[in-house]
Amino acid sequence: MRSVKVYEEAWPLHTPFVISRGSRNEACVVVVECEEDGVKGVGECTPYPRYGESLASVMAQIMTVVPELQAGLTREALQLRLPAGAARNAIDCALWSLEAAKRQKPLPALLDVTLPQSIVTAQTVVIGEPEQMAASAQALYATGATLLKVKLDDRLISERMVAIRAAVPDATLIVDANESWHSEGLAARCQLLADLGVTMLEQPLPAEDDAALANFIHPLPVCADESCHTRESLSALKGRYEMVNIKLDKTGGLTEALALAQDAQAQGFALMLGCMLCTSRAIGAALPLVNSVRFADLDGPTWLAVDVSPALNFTSGVLHL
């Protein structure tokens, strides 16, 4: 019989993480530990208010299946037992971690994945005034971050982006509008970004307004984040998006994420691998997907003042494996 532990953690950030829906000063996560015969597996999730999640709701959801987990609940049964989301992610990743530990293999090796020695990951430029964002981009690029993810809301789009591009003319830029734009003027904004050499635009509209994305030819790829959770999302994205952002907290774990990646690629979507504010545990659980994606956005742990031990090895814009 398995023993199961479920608990919360709060990890302070070294600087506030600012997006269009406010700022955060800590990463609040839920951890699930499953142990069998002296071997332990650990999974982590980050509850996300955008999807109606909180620490309390995720903890409560996990606790409903603890008796089944103790009795040997499998990953396959878990997919039917809980919906996609943070709670299922923590359990699913704990079960993957447990299997890898039992077989004495790293998780990627368990899935026959050979990882590169290093992964270029996006570093986030948080929302601010144009001069602040340009200075932040320049500082990140100077320390080695060549892929920059620029967070935007619905104001000062051209001023911010022109200033950033002038500060880092050679950086690869991707933009995340976090659902803050409107259909009016969307085509012109996309053209502005394309003219500035932006490589990709992520989730410009609220998920319920996706239909507007089918009304014009995209001058740069548009990536679905809040609009894509599981394989069931894909049919509604055709003709609207060219790329999907896979996050384990949205898919409900690695099991569905692997299936989503396979189906999305088969249907012609490019892939991005993202994360929430999290520790290295959460990034480690997502690594089997790295070889399949065009962009990796895995800088969650780099915002922490202190990371879990053992921590992954990050330098600015690079994850060293």
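Figure 1. Thr255 is partly exposed, because its relative accessible area of 23% falls between the limits of 20% for buried and 50% for exposed residues. In this predicted model, Thr255 belongs to helix 11. When neighbours within four places in sequence are set aside, the contacts of Thr255 are Arg75, Gln79, Asp92 and Trp96. Asp225 stands 30 residues from Thr255 in sequence, and their C-alpha atoms are 18 Å apart in space.

**Figure 2. Thr251, a buried residue of helix 10.** Thr251 is part of helix 10, which covers residues 248–251. Thr251 counts as buried, since its relative accessible area is 0% and the cut-off is under 20%. Apart from neighbours within four places in sequence, Thr251 touches Ala84, Gly85, Arg88, His229, Thr230, Ile246, Glu256, Ala257 and Leu260. Val308 lies 57 residues from Thr251 along the chain, with 23 Å between the two C-alpha atoms.

Figure 3. The largest nonpolar core holds 65 residues. Within this core, Leu148, Val150, Met161, Leu173, Trp181 and Val244 touch the most other members. Helix 11, residues 254–266, gives the most to the core, with five residues. Another core lies apart from this one and has 22 residues, including Val6, Leu82, Ala87 and Ala90. In soluble globular proteins, nonpolar side chains tend to be buried together.

**Figure 4. The surroundings of Trp181.** Trp181 is among the members of the largest nonpolar core that touch the most other members. Residues up to four places away in sequence are not counted in this view; the contacts of Trp181 are then Leu152, Asp153, Asp154, Ile157, Leu186, Arg189, Leu193, Leu201, Pro204, Leu205 and Pro206.

Figure 5. Leu156 has a phi near 55°, a positive value in a residue other than glycine. Its loop runs between strand 6 (147–151) and helix 7 (157–167). Leu156 is partly exposed, with a relative accessible area of 25%. Asn178, likewise not a glycine, has a positive phi near 50°. The loop that holds Asn178 is between strand 7 (172–176) and helix 8 (186–195). Asn178 is buried, as its relative accessible area is 4% and the cut-off is under 20%.

**Figure 6. The cis peptide bond between Ser309 and Pro310.** Ser309 and Pro310 are joined by a cis peptide bond, with omega about 0°. Pro310 is placed in the loop between strand 12 (295–296) and strand 13 (313–315).

**Figure 7. The whole chain, as a setting for the close-up views.** The chain contains 12 helices and 14 strands. For 321 residues, a compact globule would have a radius of gyration near 20 Å, and the 19 Å of the chain agrees with this. Along the principal axes, the C-alpha atoms fill a box of roughly 60 × 40 × 35 Å. Buried residues account for 55% of the 321 residues. Among contacts with a separation of 6 or more, 68% are between residues 24 or more positions apart. The chain exposes about 13,000 Å², of which carbon and sulfur atoms supply 52%. There are 25 positive and 38 negative side chains, and the centres of these two sets are 3 Å apart.

Terms used:
Residues are numbered from 1 along each chain as its sequence is written. This is a predicted model: local features need pLDDT of at least 70, side-chain atom pairs count only at pLDDT 80 or more; totals for chains, interfaces and linings use all residues. Side-chain values use heavy atoms; hydrogens and water are left out. Helices (H or I, at least four residues) and strands (E, at least two) are DSSP runs, numbered from the N terminus. The radius of gyration is taken over C-alpha atoms; the globule rule is 2.2 Å times the number of residues to the power 0.38. Buried means under 20% relative accessible area, exposed over 50%, partly exposed in between (1.4 Å probe, protein chains only). Contact means heavy atoms within 4.5 Å. Accessible areas come from the Shrake-Rupley method with a 1.4 Å probe; for residues, only the protein chains shown count as cover. Lys and Arg count as positive and Asp and Glu as negative; His and the chain ends are not counted. The place of a charge is taken as NZ of Lys, CZ of Arg, CG of Asp or CD of Glu. A nonpolar core is a set of buried Ala, Val, Leu, Ile, Met, Phe, Trp, Tyr and Cys residues joined through side-chain atoms within 4.5 Å.
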